[in-house]
Amino acid sequence: MQTATSRKTASMPKLNPLNERIKRDYARHLKAAQGKSGATVDAALKAIARFEDDTGGRDFKTFRREQAIAFKDRLA
Amino acid sequence: MRKPNRSRAKRRRHALNRAKTGISYDIAEIAKLFGVHRNTARQWLREGPETIDDRRPLLIHGAALKAFLAERQRARKHVCGRGEFFCFKCRAPRTAYEGMADVAGCTAKIAKLTAMCAVCETEMHRTVRRADLGKLALVLNLKSMASERLKDRPEANANGDFEKDRVHAEIEPAE
């Protein structure tokens, strides 16, 4: 049975498992090493998710400056 | 000094809004999030939500976890139709035995219905609004019962301390 929540999952962009692990490590770094609050970590993850959505879930290892610049242009 | 109670409650419904839909969780994090044992979280993983990949630690995306638990909780839920009662023995909504139900008073707004399960004859209960009794009377044969509370009883209590009760006892001796 498809539910409201499962529909949400289905419409989500395809997950990149490697990116998920990188984001997770970064969230741990922010929280544990830098002592950031939960809300700050959430905000950072939200911003990263926006960027990831913009690049279509492309691997972070293929990151180039042009991607970030294009993303910023689209935000403006 | 008493030790604090750290035992985990056996919950059937979890606060799903604790899981964030944008991040991934490992087993220990899920266990901590919902206050369940790690083995429970592992069992959930065997039952449904897919991990993001095969690498360790196994990670489950928050949205997938939330969808899985929501579906699981929804499957447990039964909705009784009009005139139906939830039978705790059958664990399903059942109709009343021969459509009979007793109405016991509760408050000015609500009434308590008691009936027998049409399948297993177990006693079933349901609390309804008094305003709905008229609609229920169309599908159930409702019978009003006397209140179980002493203060609502019309007959006087012979053991009471009140003067009027003593008078009542003298007029009608217990013998």
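**Burial, exposure and helix crossing in a predicted model**

Biologist: Where does B:Ile23 lie, and which residues does B:Ile23 touch?

Modeller: B:Ile23 is in the segment before β1 (24-25) of chain B. Leaving aside residues up to four places away in sequence, B:Ile23 is in contact with A:Ala27 and A:Leu45 of chain A and with B:Gly62 of chain B. The C-alpha atoms of B:Ile23 and B:Ala63 are separated by 8.1 Å, although these residues are 40 residues apart along the chain.

Biologist: Why is A:Arg50 called exposed?

Modeller: The cut-off for exposed is 12 or fewer C-beta neighbours within 10 Å, and A:Arg50 has 11 inside that distance, so A:Arg50 counts as exposed. A:Arg50 belongs to helix α3 of chain A, and its C-alpha atom is 9.9 Å from that of A:Leu75, which is 25 residues away along the chain.

Biologist: How do you know that the span of α3(A) is close to the expected one?

Modeller: Helix α3 of chain A, residues 38-54, has 17 residues and reaches 24 Å from its first C-alpha to its last, and the value expected at 1.5 Å a residue is 24 Å. After α3(A) comes A:Gly56, with a positive phi near 70 degrees.

Biologist: How many helices and strands does chain A have, and what share of its residues counts as buried?

Modeller: Chain A has four helices and zero strands, in the pattern α-α-α-α along the sequence, and of its 76 residues 7% count as buried.

Biologist: Turning to chain B, why are α1(B) and α2(B) called roughly perpendicular?

Modeller: The axes of α1(B), residues 27-34, and α2(B), residues 38-47, come within 8 Å and cross at roughly 115 degrees. Angles of 65 to 115 degrees count as roughly perpendicular, and α1(B) and α2(B) are therefore placed in that class. The crossing of α1(B) past α2(B) is right-handed.

Biologist: Which residues meet where α1(B) contacts α2(B)?

Modeller: From α1(B), B:Ile27, B:Ala28, B:Ile30 and B:Ala31 meet B:Arg38, B:Thr40, B:Ala41 and B:Arg42 of α2(B). By class, this contact has five nonpolar, one polar and two charged residues.

Note on methods: Residues are numbered from 1 along each chain as its sequence is written. Chains are lettered from A and ligands numbered from 1 in the order in which they are written. This is a predicted model: local features need pLDDT of at least 70, side-chain atom pairs count only at pLDDT 80 or more; totals for chains, interfaces and linings use all residues. Helices (H or I, at least four residues) and strands (E, at least two) are DSSP runs, numbered from the N terminus. The expected span of a helix is 1.5 Å times one less than its number of residues. Axes are lines fitted to C-alpha atoms, for helices over the stretch in contact, and angles run from 0 to 180 degrees between N-to-C directions. Angles under 35 degrees count as roughly parallel, over 145 as roughly antiparallel, 65 to 115 as roughly perpendicular and the rest as oblique. A crossing is left-handed if the near helix is turned anticlockwise from the far one by less than a right angle, and right-handed if clockwise. Two residues are in contact if their C-beta atoms, placed from the backbone, lie within 7 Å. Ala, Val, Leu, Ile, Met, Phe, Trp, Tyr, Cys and Pro count as nonpolar, Asp, Glu, Lys and Arg as charged, and the others, Gly among them, as polar. A residue is buried if 20 or more other C-beta atoms lie within 10 Å of its own, exposed if 12 or fewer, and partly exposed in between; C-beta atoms are placed from the backbone.
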